[in-house]
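Hi,

Here is the structure I said I would pass on.

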Amino acid sequence: GYSQRTSKVIEKPRSQAPAAMVQPNTQYPAVPPTDGAPQAGTSLRAGPEVGSPEAVYATAAPSVVVVEAQDGMGRAFSRGSGVAVGLQQVITNCHVIAQAAQIKVRQGGSDYAASALTSDTYFDLCLLQVPQLSAPTIRRGSVKNLRVGQVVYAIGTPQGLERTLSQ
């Protein structure tokens, strides 16, 4: 089976560190209030509204990868998600790769061999080196401005469902 923890609450950072956590842009309203007709000075936009789940996914999903732990025979025994945080570097949960003989990262239909560089077991975070990975680096935010009840999104791989968006 797959080793995966899921949570919608961000009150206990030790229990879950989603692969990509993105806060919607709340500085500007996504669409000016109207009665349905365009107002003077506004333009019709094609594509998702700023801060919408679709826009958040379109922005962050390219940086999310699938991380797979394999035994000595190359058989997968654990799968989770990770996020590109630097050139050829991915952060994932340590419990996903615990006791792996080999680590594989999948992005865009391609598989890459990976190795663990560092770990922080208190926060369950491991940094992987993934040679030849060209995933875009996620834009990091700050938790300093998060408030209880604020909408956040997580993109991950719960129960083997790759790149799933949760609110």
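Some ground rules before the details. This is a predicted model, so local features need pLDDT of at least 70 and side-chain atom pairs count only at pLDDT 80 or more, while totals for chains, interfaces and linings use all residues. Residues are numbered from 1 along each chain as its sequence is written, and side-chain values use heavy atoms, with hydrogens and water left out.

**Overall fold**

The chain has two helices and nine strands; helices (H or I, at least four residues) and strands (E, at least two) are DSSP runs, numbered from the N terminus. In sequence order the pattern reads β-α-β-β-β-α-β-β-β-β-β. Of the 167 residues, 35% are buried, where buried means under 20% relative accessible area, exposed means over 50%, and partly exposed is in between (1.4 Å probe, protein chains only). Among contacts with a separation of 6 or more, 58% come from residues 24 or more positions apart; contact here means heavy atoms within 4.5 Å. The accessible surface is about 10300 Å², and carbon and sulfur atoms hold 53% of that (Shrake-Rupley method, 1.4 Å probe; for residues, only the protein chains shown count as cover).

**The barrel**

Six strands form a closed barrel in the order β2-β3-β4-β7-β6-β5, with antiparallel pairing. Two strands count as paired if DSSP finds at least two bridges between them. On average, neighbouring strands of this sheet are turned by 40° against each other, direction ignored (axes are lines fitted to C-alpha atoms, for helices over the stretch in contact, and angles run from 0 to 180 degrees between N-to-C directions).

Five of its six residues are buried, so β5 is largely enclosed by the rest of the structure. On one side, five bridges join β2 to β5 in an antiparallel run, with V67 partnered by V105. Five bridges also join β5 to β6, again antiparallel, and there K104 has A113 as its bridge partner. The β5-β6 hairpin has two residues between the strands, and G108 takes a positive phi near 60° in it.

**Nonpolar cores**

A nonpolar core here is a set of buried Ala, Val, Leu, Ile, Met, Phe, Trp, Tyr and Cys residues joined through side-chain atoms within 4.5 Å. The largest one has 16 residues, and V67, V90, I97, V105, L128 and V130 have the most contacts inside it. At least two residues each come from β2, α2 (94-97), β5, β6 (110-120) and β7 (125-129). Helix α2 gives the most, with three residues. There is also a second, separate core of eight residues, including V83, L127, I138 and I155.

**Salt bridges**

I count seven salt bridges, each one a side-chain nitrogen of Lys or Arg within 4 Å of a carboxyl oxygen of Asp or Glu. What does R106 pair with? One partner is E68, at 3.8 Å, N to O. R106 lies in strand β5 (residues 102-107) and E68 in strand β2 (residues 64-70), so this pair ties together parts that are 38 residues apart in sequence. E68 is buried, at 4% relative accessibility.

D111 also forms a salt bridge with R106, with the closest N and O atoms 3.2 Å apart; D111 is partly exposed at 42%. R106 bridges to E162 as well, at 2.7 Å between the closest N and O atoms. E162 sits in the loop between β8 (153-156) and β9 (164-166), so that pair ties β5 to a part 56 residues away in sequence. E162 is partly exposed, at 40%. Together, E68, R79, K104, R106, D111 and E162 are linked in a network of salt bridges.

**Two loop residues**

L161 is in the loop between β8 and β9 and is exposed, with a relative accessible area of 53%. Its C-alpha is 9.8 Å from that of V66, although L161 and V66 are 95 residues apart in sequence.

S63, in the loop between α1 (53-60) and β2, is buried at 3%. Leaving aside neighbours within four places in sequence, S63 is in contact with G82, V83, A84, P136, T137 and I138.

Cheers
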